[in-house]
Structure formats: C-alpha cells, structure tokens
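Hi everyone, thanks for having me. Please take a look at the model on the screen, and then we'll walk through it together.

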Amino acid sequence: MVRIMDGHALGRRVRLADIAAKAGVSPQAVSVVLRNGGSSTMRVSARTAAKIRRLADEVNYWPNLVAQQLRGRECGLIGVLIGASSTTANFRRLAAVEAEAYRRGQRLLIGQLHGDPSSTRSYLEDFLSRGIDRLICFHKPAPAAQDDAIALLGRFKAAVFQTYSPVAGGTVVDVDRVAGVMDAVTHLVQKGRRRIALVIGGSPDTDPLMADRLRGYRQGLTEVLDSRTERIEWVGPGTFPPPRPIADQAVDYVLSRNADAVIASNDVWAIELLRSMRRRQCRVPEDIAVVGFDNIDAAELSDPSLTTIDQNYAGFAAAVIDAAIADVPGSQPARIIKPSLVIRESA
C-alpha cells in the first residue's frame, strides 16, 4: 500500500507531526500556519508562527495538496481561463478577482489562451487533474471552446462565467452595460448635448458586449430625449485596438452628422478618437464631448482626461469569488453589477 504523506522535503517524507515536535507545539498549530489557516479557529502567535515557518524552511517542507484533496480537503485553488487577446479592461478585471481571491485565502491558477480552441480542453483537463474543481471563465474563452471542452465544464463543482454560461449549472456574473451607457446619455443631455453619437468597435449582431452598448444608447435617447431623436451610430470592423485609419473614419462620420457628443465602445477606442479629433483641430469638450467605457488607467492620463463608465471591478470580483467558492455550488441566479459614470474633462 502506498502511503501519502503530509508534505515533501527534497525527496524525504516529512510529516506535520515532525515539525510540531521540533517546535514544541501541536500538529494542529502547524497545520494552521502552513496550510493558510484552513477552517480551524485556533490562533497561533506571530512568534510561534515564525518559528514553525523557520523549521519548515530548514527541511524544505511544503504541504502535499494531493494528500489533502484525497482526505476531502479543498485545495484553495481556482482555475481561470482568459483569452490572451482580451481587452485591457478584462485583464484589470482579472487583477481585481485575483486580489479578492487572495484576500479570502484562495489562489488562482491561470490559463491564458492564444486563439487555439483545443487549448481550452487542455487547460480544463490540467485543472481537473490537479484536483481543481472550481473555475472562472472570462468572456473570450467560452465561445471559442469546442464541444468536447464544453462537456468538461460540467465536471467542475462550480463554474463562473462572464456574459453567459455555455453549460447548465454555470453561474453568470456580469456588468450592466446597458445601464452604464444610459447613464452616459443622461449626463450628456444634462450638459446640453443633443446630437449624441455612438461608436462601437464591432458588430452588435455577433458581439453581445457591443449589443448591450447599442441597446443602452438607443434606450437612453428614447427615455432622456425623444423616440424621434436621430441616432448617429457607427459600427467598426471588429479590429482591436483600432488602427488610425479606422478611428479617422469613425470621427469623419460623426462630425459629418454634426454630433456634439460621442460615446465610444471602450476607453481605448475613446482615446484613439481623441487623437483623431486633435488632428482635425476639433476641440474636446468644447466642440464635441467624448465618453469612454471601462475606466482603465489610461483614461485619467489622457488629454483631456476621459469621462468614462467604470465597471465596478471590486464589486465584480467579490461576486465572482462568492459564486466560485459557494458552499452549495451549482446553478445560481445571474449576478449583475451596476457600473458608475466617472466624470472628467472630456464630457
């Protein structure tokens, strides 16, 4: 019979009891210190904890997660899938999720996909083989997954998705993009703007994120102005980040329609529009106001600083981790996070 030990030390088998004996404390105290606390209510003094860690370092000890999982313990790891070509906002969202996971004693194992759908299955198999049965999947990887990879998603105890769930039992955590754009329209109207344009980078027919922005724009015009208000809508070819000629086409279009404000699909697009407007000696916000979406770091640093829709990254992260580590995982109601408008110089 093969005996699985508590941990490893340069090929030698080391038990928590061995470290406890040297430290003159109970094995439970060692477990609390070296296993990130677990579910124990025991408190260990800082001095004792330092002694335990020093002794563990001397024998090069680290916990054996496989042994813990076979005993029915959670490994404290959450698998994450995110596309390498995701937007800046998506990686900021990931950073917020990692910070929230760390705060709650969890860690993330991240699989970054590079456009090959088969790699989705490879990462899922890797997660499952390591005993990771809780998953967070950002927007891009899920649609690219093949049927066999989709089937693997059902083997996770908890699976959290952005935008939509491709499997029954998955939980969706998303941002209310419609409400965010409607807030932007309301703000612009309050500032006296009446010919508000929308510039989105991709087709709303194929991209649900763009579809939400379009719906928020149209609903905002109808509710804040009038259903007969002219819609000034420009839809890009889906290239990201937007190359200069494409941004110039968008600016030429909205200016030809005498727009006095424009809402862009994200901050990167908005900043590129600002650059194009500057080349045309178009003043922002005097001649035309500009609003972005995402509130990435560059928004505050742009010239003029960018008014934008903040996606409430902290609220999103808290909801994602709540769903991922739920005591009773499985299908849960969608959690929709309310964004907020950050007003700066551009509008």
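**A strand with two faces**

Buried here means under 20% relative accessible area, exposed means over 50%, and partly exposed is in between, with a 1.4 Å probe and protein chains only. Strands (E, at least two residues) and helices (H or I, at least four) are DSSP runs, numbered from the N terminus.

Before going on, a word on the model: it is predicted, so local features need pLDDT of at least 70 and side-chain atom pairs count only at pLDDT 80 or more, while totals for chains, interfaces and linings use all residues. Residues are numbered from 1 along each chain as its sequence is written, and side-chain values use heavy atoms, leaving out hydrogens and water.

Which strand pairs with β10? Strand β9, residues 196-200, does, in the parallel sense and over 4 bridges; two strands pair if DSSP finds at least two bridges between them. A197 stands opposite I232 in β10. From β9 the chain crosses through helix α10, residues 208-225, to β10, and this β-α-β crossover is right-handed. That is, with the strands pointing away from the viewer, the path from the first strand over the helix to the second runs clockwise.

Now the other sheet I'd like to show you. Here 6 strands form an open sheet with parallel pairing, in the order β5-β4-β6-β7-β8-β14. At the edges stand β5 (107-113) and β14 (335-337), each with a single partner strand, so one side of each is left without a neighbour in the sheet. Strand β8, residues 171-175, is joined to β14 by 3 bridges, and V175 has I337 as its bridge partner.

Next, the inside. The largest nonpolar core has 42 residues, and I196, I263, L273 and M277 have the most contacts inside it. Such a core is a set of buried Ala, Val, Leu, Ile, Met, Phe, Trp, Tyr and Cys residues joined through side-chain atoms within 4.5 Å. Among the elements that each supply at least two residues of this core are β9, α10 and β10. Apart from it lies another core, of 24 residues, including I78 and F138.

Finally, helix α1, residues 16-23: what are its buried residues? They are L16, I19, A20 and A23. The face turned away from that buried side carries the exposed A21 and K22.
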